[in-house]
Amino acid sequence: MNKTSSSKGMSINARIDLLVSLLLIAAAIALPFMIDSRYVLGQIVLALFYATIASQWNLLFGFAGVFSLAQMAMFAFGGYATAMICFYFGWNVWAALLPGALSAVVFSLIVGLACLRLTGVYVALLTLAIAQTMYLLIVTDTECFTMVGSICRQFTGGAVGFARFGDLGTRALLKGQWLAGNYAIIATLFAVTMLVTYIIVKSPIGLAFRALKDNPGYAVARGVNRFQAQLLVFGISAFFTGLAGGFYAAHFQAIGPGILSMSQLMFIIAITVVGGVGTFWGPLVGTIVLVAADELMREAGEFRTLGLGLIIALSILLMPKGLVGRLGDLLSWLRSRDRAAASAITFQEKPATTGK
């Protein structure tokens, strides 16, 4: 009986995920035709980058329990690697995206080898130190590496960063509609990232990740290698985060050390917390809520940060599981109430049937 109801519950969740996915695909296709403002469409593209990064931090922390604070470092590494390959070797951006993402994976494995022998807050502190070290190395890079005409360029671009190294080709192909083309590309990147994340979460390795998060002692006793599993999820997360970094650099035709700022990292974490840590749709919902709130408070000046802080604080206090977690609890309560009502009706009808 329990087994049957459990499998039924899983099929209901799968149907809900499928329905939400189809609605999102339909909305994503219709969006460019419904929005005339280039500014709004540009903000939606930026929100898709946030959602992609947040989904991978959610995979890392929400599902696998690895409290890393180097997510923006992976994003920056992929973006910088893509830009530098194009700038120094003259590659097309599309050709440089995969090597840029793989370089982020290599970087993540090096970081993982250093950090994942530790647990909890020590992983967070060490990954944060690595990200801040990366930021300082870039902004303090003042030595001339090469001359571009009469301009001296640093190896990492220094505090200025890299610019005009290439784009996704939509400007030449679509002319005035290039932003809609970039939107379609970034939306596809987000969709593929979410699909792969869903497959991983539902797979046996995803069960191992969750077991290590919920009860590491039991998971290790059942034969799960904690270090190898966490290194694997570290690499997977870094690949898609680094790939998003490459697309980010190509979309804006520039990349600088500003993306490594603490405020960017905190915004990604806030997105996941508000949406729901450890929930599949949490990063997307959190992105919609926080990006919309940030945009609505754009004219509030210094109160803008205060307003976002209040939203995050209220979310943590009133909805510890986030918006998606609270919605999931509500759906579970409604299902349990319906089952209880059905059982009560069956119990009342039984005596009459027996009497006949």
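Cysteine 115 is buried, because its relative accessible area is 0%; buried means under 20% relative accessible area, exposed over 50%, and partly exposed in between, with a 1.4 Å probe and protein chains only. Cysteine 86 also counts as buried, at 4% relative accessibility. This is a predicted model, in which local features need pLDDT of at least 70 and side-chain atom pairs count only at pLDDT 80 or more, while totals for chains, interfaces and linings use all residues. Residues are numbered from 1 along each chain as its sequence is written, and side-chain values use heavy atoms, leaving out hydrogens and water.

Now let us turn to two other cysteines. The structure holds 1 disulfide, a pair of cysteine sulfur atoms within 2.5 Å. Cysteine 144 and cysteine 152 form it, with their sulfur atoms 2.0 Å apart. Cysteine 144 is partly exposed at 40% relative accessibility, and cysteine 152 is partly exposed at 29%.

Back to cysteine 115, where helix H4 (residues 93–115) ends. Helices are DSSP runs of H or I with at least four residues, numbered from the N terminus. At 1.5 Å a residue, the 23 residues of H4 should span 33 Å, and its end C-alpha atoms are 32 Å apart, which agrees; the expected span is 1.5 Å times one less than the number of residues. Asparagine 92 caps the N-terminal end of H4, with a side-chain oxygen 2.8 Å from the backbone nitrogen of tryptophan 94.

Tryptophan 94 also meets phenylalanine 247, whose contacts (heavy atoms within 4.5 Å) beyond four places in sequence include Phe49 and Leu97 too.

Note on methods:
Helix = DSSP H or I, 4+ residues; strand = E, 2+ residues; numbered from the N terminus. Polar contact = N/O pair within 3.5 Å; in protein donor to acceptor, adjacent residues only side chain to side chain.
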